[in-house]
Amino acid sequence: MFMRIDHIGIACHDLEEKIELFSRTFELTVVAREVNEEQGVKEAMLHIADGEGGGSYIQLLEPLSEESPVGKFLARRGEGVHHVAFGVPDVADAMHKIKEKGVRLLDERPRHGSMGSEIAFLHPKDVGGMLTELVQAVTPVQNVK
Ligand code: MC0
């Protein structure tokens, strides 16, 4: 079902500061920036590698408000890993299969994610405490190297 780790989402207070830190420390390059109003985040994608169905990234997330998912996470737990996202060939199909196994979906239908992807979240309490995201990259076949 999973083709690769698409990205690790990291919650932070100051996006620009963390872009500088991750770029300098790990020699990563920012390949996309976006404000996602629906998800309540300002974000940047730092490219790591390319694999089956698309790339792998570090995703830095700054909340747009204290009431957003990332805003609440920061208040409760502070900065750090917020979620792990897995690349899937067909997000709707993966949602259906995972729901049948008794895991709660946080989205009834796929939503808009980074770089034109379609995404859906699974409840962390049903996946060992890890907020899990499913990602269908926009052009999986073309991204394969
Ligand atoms: C909350 N919990 C987490 C968690 N956030 N556990 C692991 N990782 C996280 N990130 C835990 C809480 O500690 C709590 O456990 C339990 O889940 C229920 O939390 P809650 O009180 O209902 O808390 P809420 O209201 O903050 O909701 C949490 C929930 C929400 C995961 C349902 O954040 C959500 O729907 N997230 C999905 C959307 C999202 O995260 N969007 C931002 C990234 P206890 O033990 O205290 O009961 S958007 C994104 O990343 C896009 C742009 C992309 O990748 O392309």
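**Exercise 1.** Which residues of helix α2 (residues 69–77) are buried?

*Solution.* The model is predicted, and local features need pLDDT of at least 70, side-chain atom pairs count only at pLDDT 80 or more, while totals for chains, interfaces and linings use all residues. Residues are numbered from 1 along each chain as its sequence is written, and side-chain values use heavy atoms, with hydrogens and water left out.

Step 1. Apply the cut-offs: buried is under 20% relative accessible area, exposed over 50%, partly exposed in between (1.4 Å probe, protein chains only). Helices (H or I, at least four residues) and strands (E, at least two) are DSSP runs, numbered from the N terminus.

Step 2. In α2, Val70, Gly71, Phe73 and Leu74 are buried. Seen down the helix axis, they fall within an arc of 160°, so they line one face of α2; the arc is taken from the directions from the axis to the C-beta atoms.

Step 3. Exposed Ala75 and Arg76 sit on the face turned away from the buried side.

Step 4. The buried residues of α2 pack against β1 (4–11), β3 (41–51), β4 (54–63) and β5 (80–87); contact means heavy atoms within 4.5 Å.

Step 5. After α2 comes Gly78, with a positive phi near 85°.

**Exercise 2.** How many aromatic pairs does a search of the whole structure find?

*Solution.* Step 1. Rings of Phe, Tyr and Trp (its six-membered ring) pair if their centres lie within 6.5 Å; planes under 30 degrees apart count as stacked, over 60 as edge-to-face and the rest as tilted.

Step 1. The search finds two pairs. One of them, Phe2 with Phe86, is stacked, at 4.1 Å centre to centre and 5° between the planes.

Step 2. This pair links distant parts of the chain, 84 residues apart: Phe2 lies in the segment before β1 and Phe86 in strand β5.

Step 3. Phe2 is partly exposed, at 40% relative accessible area, whereas Phe86 is buried, at 15%.
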